[in-house]
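I opened this entry to keep track of what I looked up in the model. I wanted the confidence before the details.

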Amino acid sequence: MLSVEWIPKLASLDLQWFVELAMNNIFWVFAILMITFVYNKKFSLRFFLIILIMIFSTVEFFETAGIVILVGGFLFVYYIIEVILLTFTENIPQLQGKIPFVLTIYFFLMIFLYSMGVF
């Protein structure tokens, strides 16, 4: 329920809660910062917040839908195909500027396929 819990904390300006959340999840803070740098080539607070909202909404959706993702098999298939997809999109001039869009579509497609039991 983290995706709903932060709203009253933000409204009351409870900064201590946000600092404790970040310090207790320091790995995820740096992982999301790295995602921001990989996709955007620089730090952008707007892009960082978009990634956070996307992750919170995805986790909340899977939590309420009762879907369990077994990480090992999913990540194996996901990263192997992502390397192939990145190589493909970097070599096509029409897709070179659209790599973040292609990877975002690929992410949601893989989550959908994996939750349907394809893999």
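**Confidence and layout**

I checked confidence by element. Helix α4 (residues 45-65) has the lowest mean pLDDT among the elements of the chain, at 73. Helix α2 has the highest, at 85. This is a predicted model, and I kept that in mind throughout. The mean pLDDT of the chain is 78. I also noted that 82% of its residues reach 70 or more. A reminder to myself: where pLDDT is low, the predicted coordinates should not be read in detail.

Next I looked at the layout. I found six helices and zero strands in the chain. Read along the sequence, the pattern is α-α-α-α-α-α. The chain has 119 residues, and 19% of them count as buried.

**The start of the chain**

I looked for salt bridges. The count comes to one. Asp14 and Lys9 meet there through their side chains, at 4.0 Å from N to O. Is Asp14 buried, partly exposed or exposed? I read a relative accessible area of 26%, so Asp14 is partly exposed. Lys9 is partly exposed too, also because its relative accessible area is 26%.

Then I checked backbone angles. Most residues other than glycine have a negative phi. Leu13 has a positive phi, near 55 degrees, and is not a glycine. I found Leu13 in the loop between α1 (2-11) and α2. Its relative accessibility is 62%, so Leu13 counts as exposed.

**The nonpolar patch**

Which residues make the nonpolar patch? I listed Val19, Met23, Ile26, Phe27, Trp28 and Phe30. The patch covers about 700 Å². Helices α2 (15-24) and α3 (26-40) each supply at least two residues to the patch. Helix α3 gives the most, with four residues.

I took Val19 as one member to check. Val19 sits in helix α2. Its relative accessible area is 51%, and exposed means over 50%, so Val19 falls in the exposed class.

**Aromatic pairs**

A pair of aromatic rings is described by the distance of the centres and the angle of the planes. I counted five aromatic pairs in the model. One of them joins Trp17 and Phe18: the ring centres are 5.1 Å apart and the planes stand at 85 degrees, so I logged the pair as edge-to-face. Trp17 is buried, because its relative accessible area is 14%. Phe18 is partly exposed, because its relative accessible area is 25%.

Tyr78 and Phe107 form another edge-to-face pair. Their centres are 6.4 Å apart, with 90 degrees between the planes. Which helices hold these two residues? Tyr78 lies in helix α5 (residues 71-91) and Phe107 in helix α6 (residues 99-115), so the pair ties together parts that are 29 residues apart in sequence. I compared their burial next. Tyr78 has 9% relative accessibility, so I put it down as buried. Phe107 has a relative accessible area of 22%, so I put it down as partly exposed.

I then checked for clusters. Tyr78, Tyr79, Tyr106, Phe107 and Phe108 form one aromatic cluster.

**The nonpolar core**

Last, I looked inside. How many residues does the largest nonpolar core have? I got seven: Phe74, Val77, Tyr78, Tyr106, Met110, Ile111 and Tyr114. The elements giving two or more residues to this core are α5 and α6. Helix α6 supplies the largest share, four residues.

Methods: Residues are numbered from 1 along each chain as its sequence is written. This is a predicted model: local features need pLDDT of at least 70, side-chain atom pairs count only at pLDDT 80 or more; totals for chains, interfaces and linings use all residues. Side-chain values use heavy atoms; hydrogens and water are left out. Patches are made of residues with over 30% relative accessible area and no salt bridge: like charges are joined within 9 Å, nonpolar side chains (Val, Leu, Ile, Met, Phe, Trp, Tyr) within 5 Å. Accessible areas come from the Shrake-Rupley method with a 1.4 Å probe; for residues, only the protein chains shown count as cover. Buried means under 20% relative accessible area, exposed over 50%, partly exposed in between (1.4 Å probe, protein chains only). Rings of Phe, Tyr and Trp (its six-membered ring) pair if their centres lie within 6.5 Å; planes under 30 degrees apart count as stacked, over 60 as edge-to-face and the rest as tilted. pLDDT is the predictor's confidence in each residue, from 0 to 100. A nonpolar core is a set of buried Ala, Val, Leu, Ile, Met, Phe, Trp, Tyr and Cys residues joined through side-chain atoms within 4.5 Å.
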